[in-house]
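Let's take a walk through this structure together. Have the sequence and the model open side by side as you read.

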Amino acid sequence: MTALVHDLLRVSAERYPDRIAVVCGNRRVPYSRLQQRATDLSERLVASGLAPGERVLVLLENSPEYLVTYFSVLRAGGVVVPVAHDANERGLGRIVADCTPSVVIGRGEQLRAREWTLGDAVSVRTIVDVDSMEFDRRRRGGGALRGAGRRPVDAETNQLALILYTSGTSGRPKGVMLTRRNLLSNAASIVEYLKLTYEDRVMVVLPFRYSYGNSLLTTHVLAGGCLVLENRFAFPNVVLDRMQEEEVTGFAGVPSTFAILLNRSSLRTRVFPALRYVTQAGGAMSPTLARELKEALPETDVFIMYGQTEAAPRLTYLEPAELLRRPGSIGKAIPGVRITLRDEEGIPVRPGEIGEIVAEGDNIMAGYWNSPQETAAVLKNGCLYTGDLGRADEDGFLYVVGRRSEMIKTGGHRISPKEMEHTLAAMPGVAEAAVVGVPDAILGQAIKVFIAPTVGKAVQAADVLRFCSENFEAFLVPKEIVFLDELPKSANGKVDRSALKGDPPA
Amino acid sequence: MKPLEMVRTFMVENFLFGDDGTLREDTQFLENGIIDSTGVLELVGYLEKTFGIRVEDGEIAPDNLNSLKNICGYLERKLGAPKPA
C-alpha cells in the first residue's frame with residue numbers, strides 16, 4: 001500500500017499521466033497536470049512558511065482546484081480542513097476559532113466575501129486565491145524560516161491529514177481528526193470491495209468536504225479512475241444527462257439523493273449501459289426505496305453501506321446479491337475492519353441480541369480536535385463506539401435498529417423506532433411515519449406514532465391501529481396516533497424527532 | 001401582482017430571509033447558493049399550487065427554474081399553452 005496520502009496522486013500521475021483525473025463542466029484535467037499543479041502549490045505553501053501539522057482552511061466547492069489544494073496541503077505536511085465555500089460567517093468563525101488555521105485557501109469572490117472573518121482571525125498568516133495563485137501575507141511569523149530548505153514531506157503515517165467538522169447539535173463544532181493511515185486504509189478497502197480500477201468513472205454530487213465525498217476522491221485517485229463533478233444536483237435531470245454523456249460507471253448518494261431521483265427525475269425512463277454500480281450511505285435508506293432503486297436500475301449493482309465520519313468513513317457494506325434477500329441490512333464489516341455488538345458494559349452480546357455497534361481498524365479516527373472528553377466518550381481501547389444499535393442475523397449480516405439515545409423502553413421491552421417506521425411506511429396510504437417514546441406513568445415510555453398520509457389518501461387512526469395489530473406484537477401497538485401533512489425534518493433531511501417529541505400542532 | 005413579483009416575494013421570504021437586495025432578475029439561484037435540491041422542490045411546490053400548473057419531472061431544469069427571469073419565461077409558456085382537451 002502507498003505510504004502517504006499525497007502519494008496517491010503522485011503514483012497515479014506516474015502510471016496514468018494522460019488519463020483524465022477530473023471532469024468539471026468543459027474542463028478535463030489529466031493526472032499529470034493535476035500532479036504538476038499540486039506540486040507547484042505545495043512548494044509555494046512550504047516556501048510561505050506552512051509547517052507540518054498546521055491547519056489549512058479550504059473554502060472551495062467541488063472543483064479541480066479542490067483536488068489541487070487537497071493534495072498540495074498534504075504534500076506540504078499540512079492538515080486539510082474543508083468547509084462549505086458558502087459557509088455563513090457565524091459557522092465559519094466558530095471553526096476558525098476552533099482549529100486556528102494558519103493558511104486559508106479559496107477562490108475569487110467567495111474568498112473576498114469572507115475576508116473580514118478570516119482577516120481578523122489571529123492565527124491566519126496567509127490567504128491564498130487558488131485562481132490567481134496570489135498569496136496574501138497577513139502576518140509575519142510561523143514557519144517561514146523553517147520552510148526554507150525543508151523537504152516538503154513528512155513520512156509519519158499517523159500524522160493528521162484531515163479535520164472534518166460534523167454538524168453537531170450543540171453550539172460547539174466537532175472536528176473529526178483523520179490521519180493519513182485512516183484515509184489510506186479505508187480507501188484501499190473500498191477500492192477492493194467495489195473492485196474499482198482506472199477504468200471507473202464516478203459521478204460526484206456529494207461535497208468532498210463530507211467524509212462520503214472525501215472517500216470518492218481518495219478511492220478514485222488511488223485506482224487511477226476519473227471523478228466527474230456536477231454541483232447542480234438541485235436539477236437532477238442535469239446530473240442524469242451528464243451521467244449518460246460521460247458514461248459514468250459509478251454513482252454515490254445518500255437516501256435523499258435516491259428519493260429525489262426516484263420521485264422527481266426521469267431516472268426510470270432512462271438507461272445507463274455503462275453504470276456498473278451505485279452506492280448508498282449517509283443514513284439508513286428504507287428497504288422500500290432500496291427495492292425501487294434496484295427496479296429502476298436492474299442492470300446495476302446496488303451497494304448499501306454504513307459508516308461514520310469518525311471511521312474515515314466506511315465500516316460495512318452489503319453485497320449487491322443480498323440486497324433483496326436481506327432488506328434493511330447494512331451487510332458485514334469491510335476488509336480491515338472488525339465489528340462487534342456490545343451491551344452497556346462493553347461486553348459482546350449473544351447472537352440475535354441488540355447491542356451497540358463497536359468498530360476497530362486502521363480507519364478509526366484519532367479523536368475530536370481539542371475535545372478530549374468527547375473523544376473519551378466514543379473511543380475506548382482503540383475501539384469506536386458508534387452510538388448506533390444493531391443486531392446480526394443468523395448469517396452474521398448486520399442491521400442498524402436505531403440510535404442508542406433513540407431506543408424506546410416500554411414496559412420492559414426495548415423497541416427500535418426505526419424498525420417500526422419501516423414497517424409503517426409500507427402501509428397503504430402512508431407516505432412517511434415516525435415513532436417516538438413519550439413519558440408514561442405505567443410503562444415508563446409509551447409509543448406515539450406520527451403519520452403523514454400520501455397526498456389524496458385518507459387514513460384513519462383505526463386503520464393504523466388495525467395495521468399495527470396485524471403486523472406488530474401487542475406491546476408495539478401505539479398508545480397515540482397523530483396525523484401531519486408532512487413530518488418535520490432537520491436541515492440534512494432527517495426526521496426531526498425532538499420536534500416530534502415537542503408535539504407540534506397538526 | 002404580476003407573476004414575477006409573486007415569485008420574487010416567495011424567494012425573498014423563503015430563501016433570503018427577507019433580504020431582497022441581492023436578487024436580480026437574472027441572478028442564478030444555484031450558482032449563488034440561494035437554493036439547494038430541497039429548495040428547488042419547495043419552489044416547484046409553490047409554482048404548482050400558486051399557478052395551478054403541473055411541473056413535469058423533465059421540466060425541473062435550470063432553463064426553467066434557475067432565475068426569476070427563467071421562471072417567468074417558463075410560466076408564460078406553461079400558462080399560455082392551450083390546455084389539453
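**A strand pair and its surroundings**

Thr340(A) has Val358(A) as its bridge partner in S18(A). That strand, S18 (residues 355–361) of chain A, runs antiparallel to S17(A), and six bridges join the two; strands count as paired when DSSP finds at least two bridges between them. Helices and strands here are DSSP runs (H or I of at least four residues for helices, E of at least two for strands), numbered from the N terminus.

Before going further, a word on the ground rules. This is a predicted model, where local features need pLDDT of at least 70 and side-chain atom pairs count only at pLDDT 80 or more, while totals for chains, interfaces and linings use all residues. Residues are numbered from 1 along each chain as its sequence is written, and chains are lettered from A and ligands numbered from 1 in the order in which they are written.

Back to strand S17 (residues 337–342) of chain A.

Now look at the loop between strand S16 (329–333) and S17 of chain A, where you'll find Ile334(A). Ile334(A) is buried, because 25 other C-beta atoms lie within 10 Å. Setting aside residues up to four places away in sequence, Ile334(A) touches Ser189(A), Tyr193(A), Arg314(A), Leu315(A), Thr316(A) and Tyr317(A); contact means C-beta atoms, placed from the backbone, within 7 Å.

Zooming out, chain A holds 16 helices and 27 strands, and buried residues make up 46% of its 506 residues. A compact globule with 506 residues would have a radius of gyration near 23 Å, so the 24 Å of chain A agrees. That radius is taken over C-alpha atoms, and the globule rule is 2.2 Å times the number of residues to the power 0.38.

How is chain A divided into domains? The assignment gives domain 1 (31–155), domain 2 (181–404) and domain 3 (407–501), with bounds that come from an automatic or database domain assignment. Ten residues of domain 1 of chain A are in contact with nine of domain 2 of chain A. On the domain 1 side, helix H3 (64–75) and helix H4 (89–99) of chain A are the elements giving two or more residues.

The largest nonpolar core has 147 residues, and Leu34(A), Val80(A), Ile163(A), Leu227(A) and Ile304(A) touch the most other members. Such a core is a set of buried Ala, Val, Leu, Ile, Met, Phe, Trp, Tyr and Cys residues joined through C-beta atoms within 7 Å. H3(A) gives the most to this core, with seven residues, and at least three residues come from each of domain 1 and domain 2 of chain A. Apart from this core lies another, of 17 residues, including Met420(A), Leu424(A), Val436(A) and Phe450(A).

Finally, the chains meet: 14 residues from chain B and 13 from chain A take part in the contact. On the chain B side, helix H2 (residues 37–51) of chain B gives the most, with five residues.

Terms used. Two residues are in contact if their C-beta atoms, placed from the backbone, lie within 7 Å. A residue is buried if 20 or more other C-beta atoms lie within 10 Å of its own, exposed if 12 or fewer, and partly exposed in between; C-beta atoms are placed from the backbone.
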